[in-house]
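Okay, thanks for coming, everyone. Let me put the model up and we'll walk through it.

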Amino acid sequence: VGLAPESAADQAKANQLVADAGDITGEVFGGKPAERLNKWLEYLAGNLREDGYFLESGLSYADFAVAPLLKVIAGKQSKGNLEGVVVPELLLNCLLYTSPSPRDS
């Protein structure tokens with residue numbers, strides 16, 4: 001499909017981001033405090049490049065691992081949950097986050 005990074009460095013970074021996205025998702029569903037979730041989200045935003053992707057090589061499976069997490073957070077917030085959790089602007093403008101889901105239509 002062409003979503004795997006070619007360089008070893010990008011591969012390692014992508015693998016770490018996928019693991020981190022899983023950890024953060026677990027913490028969202030586990031009811032962790034907003035302060036902790038905000039630190040995670042700032043970490044993710046700090047890894048996002050100006051082009052809107054996490055890796056130098058562009059769109060990768062790491063982007064697709066983070067996108068569902070952002071949708072879950074948005075869904076929970078729309079129901080009044082996750083008070084105090086702030087998704088950084090960089091993540092809000094990420095292409096995969098702003099793209100509508102088939103269920104959104």
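**Helix packing and the core**

So, helix α1, residues 8-29, packs with α3 at an angle of about 20°, their axes 8 Å apart; the axes are lines fitted to C-alpha atoms over the stretch in contact, and angles run from 0 to 180 degrees between N-to-C directions. That makes α1 roughly parallel to α3, a label for angles under 35 degrees. Before I go on: this is a predicted model, where local features need pLDDT of at least 70, side-chain atom pairs count only at pLDDT 80 or more, and totals for chains, interfaces and linings use all residues. Residues are numbered from 1 along each chain as its sequence is written, and side-chain values use heavy atoms, with hydrogens and water left out.

Helices here are DSSP runs (H or I, at least four residues), numbered from the N terminus.

Who touches whom? On α1, the contact includes L17, V18 and V28, and on α3, A62, V66 and I73 are among the residues involved; contact means heavy atoms within 4.5 Å.

Now the largest nonpolar core: 24 residues, with V28, L41, L44, F54, I73, V85 and L91 having the most contacts inside it. By core I mean buried Ala, Val, Leu, Ile, Met, Phe, Trp, Tyr and Cys joined through side-chain atoms within 4.5 Å, buried being under 20% relative accessible area with a 1.4 Å probe, protein chains only. The biggest giver is α2, with 6 residues.

Take F54: beyond its neighbours within four places in sequence, F54 contacts L17, L44, V66 and L91, among others.

Last one, S60. You'll find S60 in the loop between α2 (34-47) and α3 (61-78), and at 0% relative accessibility S60 counts as buried. Leaving aside neighbours within four places in sequence, S60 is in contact with L3 and L55.

Technical notes: Helices (H or I, at least four residues) and strands (E, at least two) are DSSP runs, numbered from the N terminus. Buried means under 20% relative accessible area, exposed over 50%, partly exposed in between (1.4 Å probe, protein chains only). Angles under 35 degrees count as roughly parallel, over 145 as roughly antiparallel, 65 to 115 as roughly perpendicular and the rest as oblique.
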